[in-house]
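Work through the exercises below with the sequence and the model in view. Try each task before reading its solution.

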Amino acid sequence: MSRDIPLYTQRNTSSPKIKAARPKVLIPVFPGTNCEVDTARAFAKAGADPQLLIVRNLTPAAIEETIEEMVRLINDAQMIMLPGGFSGGDEPDGSGKFIATTLRNPRVSEAVNNLLKNRDGLMLGICNGFQALIKLGLVPYGEICELKDTDPTLTYNTIGRHISHMAYTRVTSVKSPWLSGVNAGDVFSIPISHGEGRFVIADDMLDKLIANGQIATQYVDLDGNPSDDSFFNTNGSVCAIEGITSPDGRVLGKMGHSERKGDNLYFNTPFEKDQKLFESGVAYFK
């Protein structure tokens, strides 16, 4: 569905209640997660203190220990990041379900909601992590909640298979603190790798997200225009949507692997590669 979404330039200017010289970010590592090292490296380079937690689920005792440690680390952190990968074997029709199920544990859910509602923390989910945020309700609602059948979701790519290539994405809204280092209209070339990345949403909810500046990023063509062309919008997302935020912008979910950045990685691809996501997250707590 082609539709013009105006750029949203109003930034989140709230002053965080918690400040840290080196803010801590919890990165849970679920069975099947494979982007935790790149993510931790990006956060460390940006000035954060990444805390990796291996999620162990082979025995009831291991699950209980993991939950206790996860709650402790969330309460000690300023940010939570759900990295990409193939959690739970990338089970079809909802590959973020395993992550979402864990975070719906009442103790974990309470800690997450407390971080976002009372401690002005930030949360980021990329690819598999974005899928989990959608299934938790953290995007677009900003809290872990029960979902309806009519809520937005991520489903199978229209091409019917996994895709892995560079995608061109435009920053449509800078409402999120995660995008404070860029400007609305900036275009980036970002790696994507997923089988279920097609963003689907009802028209009435889409109208609300547009009005509230929650459409963070869109797939675009070489002229920087959002596109329905399958060459550019390969997964077939509605309105070429690649990422969305919570109402206040402090939770961001996106498909493109912004953590896969570094010197001499990409050649013969246009546009900038670094969206400054991790630097922006750290700067929020300065």
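**Exercise 1.** Find which residues have the most contacts inside the largest nonpolar core.

Solution. A nonpolar core is a set of buried Ala, Val, Leu, Ile, Met, Phe, Trp, Tyr and Cys residues joined through side-chain atoms within 4.5 Å. Buried means under 20% relative accessible area, exposed over 50%, partly exposed in between (1.4 Å probe, protein chains only). The largest such core has 77 residues, and F43 and M123 have the most contacts inside it. Contact means heavy atoms within 4.5 Å. Beyond four places in sequence, the residues that M123 touches include I80, L103, W178 and L252.

This is a predicted model, in which local features need pLDDT of at least 70 and side-chain atom pairs pLDDT 80 or more, while totals for chains, interfaces and linings use all residues. Residues are numbered from 1 along each chain as its sequence is written, and side-chain values use heavy atoms, without hydrogens and water.

**Exercise 2.** State how the rings of Y168 and F271 are arranged, and whether each residue is buried or partly exposed.

Solution. Rings of Phe, Tyr and Trp (its six-membered ring) pair if their centres lie within 6.5 Å; planes under 30 degrees apart are stacked, over 60 edge-to-face, the rest tilted. The whole structure has seven aromatic pairs. In one of them, Y168 and F271 lie 5.4 Å centre to centre with 70° between the planes, which is edge-to-face. Y168 has a relative accessible area of 15%, so Y168 is buried. F271, at 28%, is partly exposed.
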